[in-house]
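Have the sequence and the 3D view open as you read.

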Amino acid sequence: LNLSSENIFSEIISSTRTKNERLELIKLLASLEKNDTLIVSELSRLGRNTIEVLQTVKDLLSRNIELRLLKENLIINGAESITAKLIIPILSAINELERDRISNRTKQALKTKKEQGIKLGRPKGSFSKSKLDKHVETIKKLLAKKVSIQSIARIINCSKQTLHNYIKMRNLRNNN
């Protein structure tokens, strides 16, 4: 196999998103040609549910693209193979059920915490690091000089709304 950085795709978005929301997956599938080999960490990376996975696998196999699943230790290289017809649907259904079970356990745990009176999330009034923290002094100076938020946003290369939220959360208008 010829692996190089130009033919390795890395998707950061969750596999629970629809295929249309997963731009790297779309680019990858579009770039594959007859007799290529697609290697994925696990079957669930190909779709959010059994139907989507089966459609993707069917498309790959109809285009004579070999599929290698690392976690499952499977090589699928023909639409007529027993693996493609029997094992893929079963594995895909198991993955979907496991994802649903994890989601339900998480929701139940959060519900239990709420019922116990435990506050979830960040404490009110606290905030995390921001990409704008490195510009805080510049923002303060420009606000003191009555420069518009839109102009400041252009200067520090961020959106007007991001800057507005940052100023509001950190109460920068009143600190001048």
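Helices (H or I, at least four residues) and strands (E, at least two) are DSSP runs, numbered from the N terminus.

A word on where this comes from: the model is predicted, so local features need pLDDT of at least 70 and side-chain atom pairs count only at pLDDT 80 or more, while totals for chains, interfaces and linings use all residues. Residues are numbered from 1 along each chain as its sequence is written, and side-chain values use heavy atoms, with hydrogens and water left out.

How do H4 and H5 sit against each other? Two packed helices are described by the angle between their axes and the distance between the axes. For H4 and H5, the axes come within 10 Å and cross at roughly 150 degrees. That makes H4 roughly antiparallel to H5. On this scale, angles under 35 degrees count as roughly parallel, over 145 as roughly antiparallel, 65 to 115 as roughly perpendicular and the rest as oblique. Axes are lines fitted to C-alpha atoms, for helices over the stretch in contact, and the angles run from 0 to 180 degrees between N-to-C directions.

The contact (heavy atoms within 4.5 Å) is made by Ile 139, Leu 142 and Leu 143 of H4 with Ile 152, Ile 155 and Ile 156 of H5. By class, that gives six nonpolar, no polar and no charged residues. Ala, Val, Leu, Ile, Met, Phe, Trp, Tyr, Cys and Pro count as nonpolar, Asp, Glu, Lys and Arg as charged, and the others, Gly among them, as polar.

Next, the backbone around H5. Most residues other than glycine have a negative phi. Lys 146, in the loop between H4 and H5, is not a glycine, yet has a positive phi of about 65 degrees. At 74% relative accessibility, Lys 146 counts as exposed. After H5 comes Asn 157, with a positive phi near 60 degrees.

Another positive phi, about 55 degrees, belongs to Asn 64, found in the loop between H2 and strand E2 (66-69). Asn 64 counts as partly exposed, at 42% relative accessibility. Leaving aside neighbours within four places in sequence, Asn 35 is in contact with Arg 63 and Asn 64. Asn 35 itself sits in the loop between helix H1 (23-31) and strand E1 (37-40).

Finally, helix H2 (residues 50-62) packs on helix H3 (residues 82-115) at an angle of about 145 degrees, with axes 9 Å apart.

Methods. Buried means under 20% relative accessible area, exposed over 50%, partly exposed in between (1.4 Å probe, protein chains only).
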